[in-house]
Amino acid sequence: MVRGASVNAFLLLPTPVFTAIALVAVVVVIALVAWALQLLQAATDRREFSLMLAGCMVCSAAVGLATVMVLTFTSPVRLEARGLTSPDGEPAGVSLDAIVLPWDDSLTPRLGNS
């Protein structure tokens, strides 16, 4: 299944459970952003710099959580555990063998010029 790594139970959760976890994480991120906006509004109303810093910290925590959530839920290891990646025999990516660069023909020996 997964090469060179122990299988994490999180990777093989059923799709409805995985979707529920993802939706809870999205709700938490939205709640953090709403709280950060409330803190920033209170900082503007009261003219307190400490509330502005707290709002920025909560907002950065929301961004960090969203980043980790996207990386976790779309990781190649999860796709491989689900069987959604290409077979091992086929390399992924683009082959550069068919690309001819302008300076490549200067390296080949020319038969007519001796």
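Patches, a term we will need below, are made of residues with over 30% relative accessible area and no salt bridge, where like charges are joined within 9 Å and nonpolar side chains (Val, Leu, Ile, Met, Phe, Trp, Tyr) within 5 Å. A salt bridge, in turn, is a side-chain nitrogen of Lys or Arg within 4 Å of a carboxyl oxygen of Asp or Glu.

The model above is predicted, so local features need pLDDT of at least 70 and side-chain atom pairs count only at pLDDT 80 or more, while totals for chains, interfaces and linings use all residues. Residues are numbered from 1 along each chain as its sequence is written, and side-chain values use heavy atoms, leaving out hydrogens and water.

Let us start with the whole protein. It has 3 helices and 0 strands, in the order α-α-α along the sequence; helices (H or I, at least four residues) and strands (E, at least two) are DSSP runs, numbered from the N terminus. Of its 114 residues, 17% count as buried, meaning under 20% relative accessible area, with exposed over 50% and partly exposed in between (1.4 Å probe, protein chains only).

Now follow helix H2, which covers residues 49-73. Its 25 residues reach 36 Å from first C-alpha to last, close to the 36 Å expected at 1.5 Å a residue, where the expected span is 1.5 Å times one less than the number of residues. Buried residues of H2 include Leu51, Val58 and Phe73.

Leu65 also lies in H2, but it counts as partly exposed because its relative accessibility is 33%. Together with Val24 and Val28, Leu65 makes a nonpolar surface patch of about 220 Å², with areas from the Shrake-Rupley method with a 1.4 Å probe, where for residues only the protein chains shown count as cover.
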